[in-house]
Amino acid sequence: MAFDGLTLANLRYELHRELVGARLYKIAQPEADELLLTLKTNDGQKRLLISADASLPLVYFTEDNKPSPMTAPNFCMLLRKHLQNGRITSVTQPGLERILRIDIEHLDEMGDLCQKTLVIEIMGKHSNIIFVNGDGTILDSIKRVSAAVSSVREVLPGKPYFVARTQDKLDLFTMTQQDFAQAMASKPQPAYKALYGTVTGISPILAQELCHRAGVDGDRPTAAMDDTAYARLYQTMMTLKDTIEAGAFSPCVAFDGKKPQEYAAIPLTIYGAPATSAENGNLPTPVNSVTGTNAAKMPTLHGTVGTSEAVGFRVEAFPSMSALLEYYYAEKNAQTRIHQRSADLRRIVQTILERNVKKLDGQLQQMKDTEKRETYRIYGELLNTYGYGAAPGAKSLEALNYYTNETIQIPLDPTLTAQENAKRYFDRYGKLKRTYEALTTLTEEVKAEINHLESIATSLEIAQKEEDLTQIKEELIESGYVHRKGSAKKVKITSKPFHYVSSDGFDIYVGKNNFQNDQLTFQLATGNDWWFHAKKIPGSHVVVKTDGKELPDRTFEEAARLAAYYSKGREQDKVEIDYIQKKHVKKPSGAKPGFVVYYTNFSMAVSSDISDIKQL
């Protein structure tokens with residue numbers, strides 16, 4: 001799932017076609033490392049999302065507008081000063097580098113025409129958005145990189161911009177067959193690994209695809225390849241070059257079942273997709289890609305390109321690379337952002353959880369040390385019964401245990417009488433009994449706290465919006481794990497439970513956290529509504545509103561899958577789910593939020609796939 005040079009070439013083609021001549025209408029910076037550009041084109045208004053996030057750098061068109069901070073960051077203000085109402089003149093890519101250059105012309109304060117460049121570098125943790133003057137001088141960047149951070153290149157205002165060359169790779173557009181063969185042969189690796197290590201912009205999945213098209217075994221070492229294999233692979237690379245230059249891209253996603261596995265800007269024939277005429281030597285007319293489509297919200301995909309029944313894969317075509325990326329990454333991008341914002345809360349929960357687990361381990365060890373208490377009691381009773389037979393100074397006494405009808409040896413302190421030994425054993429028994437009773441209460445309290453913290457950790461994992469985190473933080477404050485700052489008042493809660501509709505039209509509600517779980521179970525649900533929860537693991541309460549009707553089996557199964565997905569066991573193949581009518585679910589007095597008890601229930605084992613359940 002690599003954002004490689006070919007993917008960016010496809011994007012460059014789409015952006016150049018759609019944006020050349022467009023004017024920058026709005027410039028926003030909704031995140032510290034993200035820009036949202038609103039552009040006026042001949043076809044109407046478009047939004048371009050540019051993210052330099054270290055874990056998920058992206059560029060794609062989107063219809064979604066994101067809220068911006070009240071005070072715009074300095075980088076955003078600088079772009080507005082220079083580029084507001086500027087006109088895009090070109091979108092280029094140097095070779096197959098993961099770099100886009102958007103050239104923009106604008107009028108300066110004197111009314112003279114000037115040119116600036118927005119450089120987008122999609123390079124993992126080194127991703128950046130750099131604003132460059134017409135003479136190649138850096139004006140600023142969304143991430144400043146000093147010499148203390150990188151010895152290769154400084155990205156600071158006033159420094160010259162250049163592309164850092166950290167790897168000695170060949171350029172697809174200039175390499176000769178001899179250079180290619182020599183570079184490949186110098187790498188004693190499987191062919192596909194040598195290929196993406198030799199040519200700029202080639203990802204592992206694209207390397208495997210190119211080897212497959214060339215009829216070369218990608219797992220075969222380069223030492224076993226002959227001149228003919230190198231020639232076929234080079235010709236396949238040249239066909240790829242022709243495809244890029246003609247803009248004959250065919251973006252697609254390979255699915256394993258319903259799960260997207262890989263994507264590429266050309267058909268993935270290794271997963272069963274047929275090669276287009278471009279791969280067979282005749283370049284087709286480029287597809288008129290649709291951009292600005294909110295693909296993530298589309299109810300269906302865009303046509304099956306091919307299937308591979310042997311491995312269960314299918315390949316789906318998309319109208320544009322931008323639509324593909326939004327579909328593929330939009331949800332993941334949102335999850336990445338919320339995961340970053342919940343880092344402090346997760347760290348607090350994890351720290352307290354580890355402390356309680358350690359405390360419980362110590363208590364359980366102490367509990368184990370009390371296991372001999374009944375033995376000491378029996379010793380004391382038997383000494384009171386048979387102690388008269390103990391010889392003075394004896395180290396043990398053999399006596400019949402009338403509880404088991406077995407003869408046992410009772411250790412004695414030879415300096416004490418039988419009665420004194422009995423008293424010592426009763427004292428030990430009394431002490432261990434008191435310890436056991438105290439530990440029984442304490443361990444139950446610690447176990448309840450651990451269960452509560454694990455449920456909060458699960459809530460943090462399924463949180464999707466800022467308001468979800470706000471409600472979880474409020475729970476931590478009310479539970480005493482986090483202190484409210486200063487004179488801050490209790491925040492207004494706007495987070496709402498998930499709302500789904502079953503295939504049979506029944507409303508299904510899923511709590512996002514413990515507060516919402518209590519609300520659903522004891523306020524929204526009525527006696528004959530059905531209640532679902534993952535068995536013996538943290539998870540959401542799921543309520544199906546019956547409206548007095550009998551639920552079909554399909555609705556039971558869909559509600560159970562929702563309970564499996566929104567639980568700690570969501571990564572398992574199957575999750576056991578308990579379900580019961582709400583009237584049988586009770587909340588013990590003084591129980592923590594989200595904690596309930598029930599004694600008679602049904603169970604079923606289901607998968608956690610909810611892709612076919614409609615969410616409102």
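Reply:

**A loop residue and its surroundings**

In this predicted model, N601 is found in the loop between β20 (575-581) and β21 (602-606). With a relative accessibility of 31%, N601 counts as partly exposed. If its neighbours within four places in sequence are left aside, N601 is in contact with K535, D578, Y579 and I580. H584 stands 17 residues from N601 along the chain, and the C-alpha atoms of these two residues are separated by 8.6 Å.

Another salt bridge is formed where the side chains of K159 and E154 meet, at 3.2 Å from N to O. K159, at 32% relative accessibility, counts as partly exposed, and E154, at 26%, counts as partly exposed too.

A further salt bridge is the one between R554 and D504, where the closest N and O atoms are 2.7 Å apart. This pair links distant parts of the chain, since R554 belongs to helix α13 (residues 553-565) while D504 sits in the loop between β16 (498-501) and β17 (507-510), 50 residues apart. For R554 the relative accessibility is 45%, so R554 counts as partly exposed, and D504, at 30%, likewise counts as partly exposed.

The axes of helix α3 (residues 177-185) and helix α6 (residues 227-246) come within 10 Å and cross at roughly 120°. That angle makes α3 oblique to α6, and the crossing in which α3 passes α6 is right-handed. On the α3 side, the residues that meet α6 are Q177, F180, A181, M184 and A185, and their partners in α6 are Y230, A231, L233, Y234, Q235 and M237. Sorted by class, the contact of α3 with α6 has 9 nonpolar residues, 2 polar residues and no charged residues.

A second pair consists of helix α9 (residues 373-386) and helix α10 (residues 418-462), which pack at an angle of about 155° with their axes 8 Å apart. Angles over 145 degrees count as roughly antiparallel, and α9 and α10 are therefore roughly antiparallel to each other. Here α9 passes α10 in a left-handed crossing. The residues of α9 that take part in the contact include R373, Y376, Y379, G380 and L383, and those of α10 include A418, Y425, F426, L432 and Y436. The residues of the contact of α9 with α10 divide into 10 nonpolar, 4 polar and 6 charged.

Note on methods
Residues numbered from 1 in each chain as written. Predicted model: local features only at pLDDT ≥ 70, side-chain atom pairs only at ≥ 80, totals over all residues. Heavy atoms only, no water. Axes fitted to C-alpha atoms, helices over the stretch in contact; angles between N-to-C directions. Helix = DSSP H or I, 4+ residues; strand = E, 2+ residues; numbered from the N terminus. Parallel < 35°, antiparallel > 145°, perpendicular 65-115°, else oblique. Left-handed = near helix turned anticlockwise from the far one by under 90°. Contact = heavy atoms within 4.5 Å. Nonpolar A, V, L, I, M, F, W, Y, C, P; charged D, E, K, R; others polar. Salt bridge = Lys/Arg side-chain N within 4 Å of Asp/Glu carboxyl O. Buried < 20%, exposed > 50% of the residue type's maximum accessible area, 1.4 Å probe, protein only.
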